[in-house]
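Subject: Structure handover and notes

Dear colleague,

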Amino acid sequence: MRGAGYLTGLKNGFMKSPLLSDPRFASLEKMKVGVVCGGFSAERRISLRSGRAVIRALKNVGVRAFPIDPENRRTFMKKIRKADILFLALHGKGGEDGTLQKMLERRRVPFTGSPFAACEKSFNKKISKRHFLRLGVPTPDYAVLDKRNWRRKAAAFPVPYFVKPLDGGSSQGVFLVEDFRGSVEKLRRSITRFGRLLIEKRIVGRELTAGLLGDLKLPIVEIKPSRIFYDYKAKYTTGMTAYEVPARIPAKVARKIQSFAYRVYRDLGLKGFSRVDVMLDQKNRPYVLEVNSIPGLTEFSLLPKAARAVGISFEELCLRVLKAACEPKGKN
Ligand SMILES: Nc1ncnc2c1ncn2[C@@H]1O[C@H](COP(=O)(O)OP(=O)(O)O)[C@@H](O)[C@H]1O
Ligand SMILES: [Mg+2]
């Protein structure tokens, strides 16, 4: 633990944090970082938490950072112009789907994470699953329902299966169907709400997630929810889920999952960081569920947990993500 003198010194600008003294990060010292968080998606609350954590971490090491919430249209563009670089901590629609990235690329505003094209490919689960299959990365069998065919397709698909919006996050709108007749009303409401849905074979087994930080394959995290699956409540209620890092799985299986995750990350053109969600069946066969282009960034989130397990603090994680955004295109 460092004493209060260190923090006061840091605040008054006469002491440099050890991280900023590291030549890798020295160039970040003079930057004004706009942390984009909040937004309009159903994940607004989580994004605000991620944003607060990122700002705190950057300030802790002496980097100037301030929040930018797209919800406030009046100040949004003005604030963007004040920043040298944007740290995107915006989850869900409007953030992870590439909308904001497209606008920023057009205006040549530098930002963290993945470019527009990669976000667009990874956010929609139907599109990303097609990519997984093309890459030889296993993903559970699935079908896409629309307003006209949903009843026929949902009745014919073998139970149990998961139902999810094509472009959701934080498990919102996700549910399990064990018997079609018993779930028909829920399916109807869901198709009315979302227009299209993905249904996906349930993989019974263990839940894992594989994080990437630049070119670094982080250790795998095992997620052990105390509920039927890792739903919104299990994700965001303290004590409802246990986590194990590194996951206690055979080394060969762990390497296989990491290489699947990396393949997806590289091929889709993701950059800076990402997190790939995986189910492992009872025969230790992995299936990729989805890839998150802006994973949760609270200090309790999965990617920071995995980084911490290899000695990378949350502060360093944020600096690495920022640094990657300053590198020339194509580099991670
Ligand atoms: N095919 C599946 N088999 C088993 N569990 C699943 C499956 N699909 C989703 N789940 C459960 O639902 C959760 C959310 O699904 P996911 O595809 O990761 O969507 P989200 O984008 O909402 O996180 C997963 O973390 C997992 O617990
Ligand atoms: Mg997920």
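What follows is an account of the sheets, the salt bridges and the surroundings of the ligand.

This is a predicted model, in which local features need pLDDT of at least 70 and side-chain atom pairs count only at pLDDT 80 or more, while totals for chains, interfaces and linings use all residues. Residues are numbered from 1 along each chain as its sequence is written, chains are lettered from A and ligands numbered from 1 in the order in which they are written, and side-chain values use heavy atoms, with hydrogens and water left out.

**The antiparallel sheet**

Helices (H or I, at least four residues) and strands (E, at least two) are DSSP runs numbered from the N terminus, and two strands are taken as paired if DSSP finds at least two bridges between them. On that basis, 4 strands form an open sheet with antiparallel pairing, in the order E4-E7-E5-E6. Strand E4 (142–145) and strand E6 (175–177) stand at its edges with a single partner strand each, so one side of each is left without a neighbour in the sheet. Neighbouring strands here are turned by 30 degrees against each other on average, direction ignored; the axes behind such values are lines fitted to C-alpha atoms, for helices over the stretch in contact, and the angles run from 0 to 180 degrees between N-to-C directions.

E4 is joined to strand E7 (residues 197–201) by 4 bridges in the antiparallel sense, and within this pairing Tyr142 stands opposite Glu200 in E7. Helix H7 (residues 125–134) lies across E4, strand E5 (161–165) and E7, and runs at about 155 degrees to E4. Helix H9 (residues 180–194) also packs on the sheet, where it touches E4, E5, E6 and E7 (contact means heavy atoms within 4.5 Å), and its direction makes about 140 degrees with that of E6.

**The parallel sheet**

A sheet of 3 strands, likewise open, has the order E2-E1-E3 with parallel pairing. E2 and strand E3 (85–88) are the edge strands, each pairing on one side only. Strand E1 (residues 32–36) and E3 run parallel and are joined by 4 bridges, and the bridge partner of Val35 in E3 is Phe87. H4 packs on this sheet, touching E1, E2 and E3, with its direction at about 165 degrees to that of E2, whereas helix H13 (residues 314–326) touches E1 and E3 and makes about 130 degrees with the direction of E3.

Lys32, which belongs to strand E1, is in contact with Arg64, Lys82, Ala83, Asp84 and Ile85 once its neighbours within four places in sequence are set aside.

**Salt bridges**

Side chains of opposite charge can pair when their charged atoms come close. With a salt bridge taken as a side-chain nitrogen of Lys or Arg within 4 Å of a carboxyl oxygen of Asp or Glu, the count comes to 18.

Arg44 and Glu71 form another salt bridge, at 3.2 Å from N to O, and connect helix H3 (residues 44–60) with the loop between strand E2 (64–68) and helix H4 (73–82), 27 residues apart. Arg44 is partly exposed at 22%, as is Glu71 at 43%.

**Ligand 1**

Ligand 1 is surrounded by 21 residues, the closest being Lys125, Lys164, Ser171, Lys201 and Glu207, where a residue is counted if one of its heavy atoms lies within 4 Å of the ligand. An oxygen atom of ligand 1 is 2.6 Å from an N or O atom in the side chain of Lys164. For Lys235, a polar side-chain atom lies 3.0 Å from an oxygen atom of the ligand, and for Glu290 the distance from a side-chain N or O atom to a ligand oxygen is 2.9 Å.

Terms used: Buried means under 20% relative accessible area, exposed over 50%, partly exposed in between (1.4 Å probe, protein chains only). A polar contact is a pair of N or O atoms within 3.5 Å; within protein, one must be able to donate a hydrogen and the other to accept it, and residues adjacent in sequence count only if both atoms are side-chain atoms.
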